[in-house]
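Please open the structure in your viewer and keep the sequence beside it.

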Amino acid sequence: MHADTRAPDGLRIAGPVDRIAASEAAALDYRDAAPGMALGPLWATWWLAVQGRVPAEWEGEQVDLLLVTNSEATLWLDGEPVQGLVSGGAYVRPDAMLVSRAVAG
């Protein structure tokens, strides 16, 4: 359950591209993205860059990323893959913990 949610402060996207390393993805040309935008073709790889600030009322709380793409995704933090995400179809796991005890800001 996610009692409180916030849109990210920044959401940028690059692609579609072939399967590439995270180091290559960092050098891609990212552009502004918007929830609900169409992505494709099937099996295409897209990279999202998400930025956010922890609100003061979340200080000390666990903060999760909730990403619904109706596809499979991998969450990368600091250049390392940390968790798979999936939404749509029979399997659903659209959330991943970003921090267990948040610091505001």
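The stops below say what to select and what is found there.

Begin with the whole chain, bearing in mind that this is a predicted model. Colour it by secondary structure to bring out one helix and seven strands, which follow the pattern β-α-β-β-β-β-β-β when read along the sequence. With the C-alpha atoms displayed, the chain fills a box of roughly 40 × 35 × 25 Å along the principal axes. The radius of gyration is 14 Å, which agrees with the value near 13 Å that a compact globule of 105 residues would have.

Buried residues make up 19% of the 105 residues.

Next, select residues 72-77 and 80-86, which are strands β5 and β6, paired in the antiparallel sense over six bridges. Within this pair, E72 stands opposite V86 in β6. The hairpin that the two strands form has two residues between them, and D78 takes a positive phi near 50° there.

Finally, select residues 45-51, which form strand β3, and pick out T45 within that strand. Is T45 buried or exposed? T45 counts as buried because its relative accessibility is 13%, below the 20% cut-off. Leaving aside residues up to four places away in sequence, T45 touches G15, P16, V17, D18 and R19.

Methods: Residues are numbered from 1 along each chain as its sequence is written. This is a predicted model: local features need pLDDT of at least 70, side-chain atom pairs count only at pLDDT 80 or more; totals for chains, interfaces and linings use all residues. Side-chain values use heavy atoms; hydrogens and water are left out. Helices (H or I, at least four residues) and strands (E, at least two) are DSSP runs, numbered from the N terminus. Buried means under 20% relative accessible area, exposed over 50%, partly exposed in between (1.4 Å probe, protein chains only). Contact means heavy atoms within 4.5 Å. Two strands pair if DSSP finds at least two bridges between them. The radius of gyration is taken over C-alpha atoms; the globule rule is 2.2 Å times the number of residues to the power 0.38.
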